[in-house]
Amino acid sequence: ALYHWQSGNLTQARDYYAESARVQESQTERNDIQYAGLLHNLGLLYNDTGDYEAAAKTYAESVRIRRAAGSERDNYMPLTLYALAHTRTRLGDYPSAYRNYLETVPLQAAVAGREQHLVAYALTGFGMMLEEIGEMNGAATLLEEANRIFDVLFEEPHKDQATTWIGLARVAFHTGDFNEGRELLDRALELRMREDGEDDFSTLRTYSTIGRLEFARGNFDAAATALGHALDRLIAYDGSEHPFSIEARTWLGRTQSALGNHEQGIALLREARALGESLFAPGHVENVQRRVWLGEALIASGNTAEGETMADTARSAMADIEQGWHRALQDNPLPALEDLLTLAAD
């Protein structure tokens, strides 16, 4: 499994780890901490191959085993909790991800120290999740702190700082500071190309994010170029059904529709919808949002009957989802930064 992982053969690595987990699970005198670590790695591979449901289930089992073994503050517990939170974010389960992050960040600070790389990493993930649910002030606070920690720790930008810059760029989109957002994304793209390569999935997703920014400020031709590049390369690397390619296909469809290429835009959005609903439940937030956008594209093309029905139904479902996010925040408000980072010590 390690050989295939290090060679970039993620599917083979995942299958060997899964087999190893089956063997270890059956042992009568199993080393639970070792088994929990193996499950953590298996979860990473499920995540990287786009199987977020299996990843979340595997991470949750790893956390359960560590807790049962009294291993709350070992070095791996906050990492696995972070991975669980990150994966639940991708599954659209923001309330559960939010609760996981509230536990992960202070625990990571307690285990690693206040100003450490892994704390900046956890703050970045939490900040990006908050941005996705529209909590811009909290997102900006956490992402700016993560960026500050990276700047303190490293003379040259660390590859993980690219994710922090992307998070800050996404916050900039929402505030209308498109120039700042584009500058941050260009820096992130340059760093990822240098560290991970031109065709790494993280690099290609950065192109998708650039496309989303250009779409947001009305530069549809630039958006189509960035999104088309991302989608073509993802498909070429056998990633046609990966969530990242579904994202690129969705935004390229919106872009083509905005350019007046209605037939092409609707075809891309229909493909994205079908692929998204083959991976996740129809009620997943991204699937609901895709139905809104497909409905809007149909209306723009003149197909008002189908478009209005689809868009109105999806908007109603989206409002229910957003109410769930707000309830989670009301029930458990986001602490101030210093309180968040010291809760575990109290």
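Which glycine follows α13, and is its phi positive or negative? Helix α13 is followed by glycine 260, whose phi is positive, near 90 degrees. The model is predicted, with local features requiring pLDDT of at least 70 and side-chain atom pairs counted only at pLDDT 80 or more, while totals for chains, interfaces and linings use all residues. Residues are numbered from 1 along each chain as its sequence is written, and side-chain values use heavy atoms, with hydrogens and water left out.

Helices are DSSP runs (H or I, at least four residues), numbered from the N terminus. Helix α13 covers residues 243-258, and its 16 residues should span 22 Å at 1.5 Å a residue; the expected span is 1.5 Å times one less than the number of residues. The end C-alpha atoms of α13 are 23 Å apart, which agrees. Of the 16 residues of α13, 15 are buried, so this helix is largely enclosed by the rest of the structure. Buried means under 20% relative accessible area, exposed over 50%, and partly exposed in between (1.4 Å probe, protein chains only).

Helix α5 (residues 76-90) packs with helix α7 (residues 117-132) at an angle of about 20 degrees, their axes being 11 Å apart. Axes are lines fitted to C-alpha atoms, for helices over the stretch in contact, and angles run from 0 to 180 degrees between N-to-C directions. The two helices α5 and α7 are therefore roughly parallel to each other, a term for angles under 35 degrees. From α5, the residues making the contact (heavy atoms within 4.5 Å) are Leu79, Tyr82 and Thr89; from α7, they are Leu118, Tyr121, Ala122, Gly125, Met129 and Glu132. By class, this contact of α5 with α7 has six nonpolar, two polar and one charged residues. Nonpolar here covers Ala, Val, Leu, Ile, Met, Phe, Trp, Tyr, Cys and Pro; Asp, Glu, Lys and Arg are charged, and the others, Gly among them, polar.

Threonine 58 is placed in helix α4 (residues 52-68) and counts as buried at 10% relative accessibility. Apart from neighbours within four places in sequence, threonine 58 is in contact with Leu39, Leu42, Gly43 and Tyr46. Threonine 164, in helix α9 (residues 161-175), is buried with a relative accessible area of 0%. With neighbours within four places in sequence left aside, threonine 164 contacts Thr124, Leu143, Ala146, Asn147 and Phe150.

Glutamate 135 lies in the loop between α7 and α8 (136-153) and is partly exposed, with a relative accessible area of 28%. Not counting residues up to four places away in sequence, glutamate 135 touches Leu130, His326 and Leu329.

Notes: Parallel < 35°, antiparallel > 145°, perpendicular 65-115°, else oblique.
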